[in-house]
Amino acid sequence: MIIHKVVKNDTLYNIAKKYGVSLSKIIEDNNIKNPDKLIVGQELYIPKSSATHTVRGGETLGRISNDVGVDKDYLYRLNPSLYGTEDIYPGQILNVLYQSPSMGAISVSGFATPKITERDLRASLPYLTYVSVYSHRFNQDGEIVCDFNQDMIISLANSYSVIPLMTLTNTNSSGNYSADVFASLTGNNTKNSVSAITEYAKKYGYSVVHIDFEMIPPDSADDYAEFLIFLRGSLKENNISLFVSVAPRYDDYSENIYTPINYGRLCSICDLVYLMSYEISKQGNTPHPTATTADLERALRYITSKCPASKISLGIPNYAYEYDKNGAYPISDEYAMSLALRKNAAIETDEESDTPYFSYVERNGRNTDIHTVHTDNFTSLSEKLSLIYDFGIMGVSIYPIDNFNPKIYLPLMRMYNILKR
């Protein structure tokens, strides 16, 4: 994969000429909104394919797929600008072949929240093995409810050969994780909760239930384990798998406000664990990189000492953080790049973590506020994704997929084959 870092006085025309690739292809694959203005320090993906095809009048993507001998899903992955659709036009240049990935086959999960659009969902699905419907919860009447249109996600997932997950949280009506909700589902209420979850999964055709319980009191570890054991038994009788999210930790003694149950016990119960590495990003309001490779490596070193690598999926955050005097705020990568462009801010590299960031000053009369944005680029994401191979784990989970981000998917599909059902 060829990456170009923009320097002062670079133009897209000169970059395209330097690498011998189509100018329009660079613009499309990098989702560039203003081709006349680049950001110093920005990384650009250079789409050098083993083979390309120029669309002719009257051609369809299905016909091109048949002619070149690859499936449409493969063409979607090679051409993120298609956004997972068959919308093509005469003269458009499509990548139709890349060198085969050399780092093996992995599962890729993506978390879809109520904010997701059909466009972003379609764009992401070709790169996924699983898509999480995030999320379901129990209401005050003891009924399971979904926060958005799961029928649309299930239908589209099936059309792209992606397995939908029923993600259940212990959130309340305000969307906050709640120890009280957890208590209402476990202990003496475990049997009823498990029955309701199983019947709901069967009703909507889910083959996987994913439990994401957080803010569990430390003295409730046994209640949580008992709940998962009962749930696992009920689901297994109906050929439904159980996935569970866990927060990162680095040793046996580090405090964990999310899931007090130890990794080894939990892994012995479920089929797969999502290591919520993106939670590392939320620690503190002092500007710092978003879940660095070193952070992820520490978390993986610990969890693989307790759990089989084949049961672990590494969480990758699909967002940046903007810091100001009031705290930290998650923003999409696309918004971060547009912000750097508007503020004419050059992207720099944090030397310790080798991750990108930029700063700008907001002035309001005599007051000034320094804003710092930490994000990722192709290089930093490739380093994180390489940990899947280094530790031999099952795959990666991307949270959230609401804003389609080729910076994650392009290195992913160049490094690994993506498992499909």
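I started at Ala-320 and looked up its bridge partner in E14, which is Ile-331. Helices (H or I, at least four residues) and strands (E, at least two) are DSSP runs here, numbered from the N terminus.

Housekeeping: the model is predicted, so local features need pLDDT of at least 70 and side-chain atom pairs pLDDT 80 or more, while totals for chains, interfaces and linings use all residues. Residues count from 1 along each chain as its sequence is written, and side-chain values use heavy atoms, without hydrogens and water.

Next I checked the pairing (at least two DSSP bridges between two strands). Strand E13 (residues 320-324) runs antiparallel to E14 over 5 bridges. I then traced the whole open sheet: 5 strands, antiparallel, in the order E14-E13-E17-E16-E15. Its edges are E14 (327-331) and E15 (348-350), each pairing on one side only.

Then I asked what packs on this sheet: helix H12 (residues 333-342) does, touching E13, E14, E16 (355-364) and E17 (367-374). Contact means heavy atoms within 4.5 Å.

I moved on to H13 (residues 378-391), whose 14 residues reach 21 Å from first C-alpha to last, close to the expected 20 Å; the expected span is 1.5 Å times one less than the number of residues. At its start, a side-chain oxygen of Asn-377 comes within 3.2 Å of the backbone nitrogen of Thr-379. Just after H13, I noted a positive phi of about 65 degrees at Gly-392.

Methods:
A polar contact is a pair of N or O atoms within 3.5 Å; within protein, one must be able to donate a hydrogen and the other to accept it, and residues adjacent in sequence count only if both atoms are side-chain atoms. Axes are lines fitted to C-alpha atoms, for helices over the stretch in contact, and angles run from 0 to 180 degrees between N-to-C directions.
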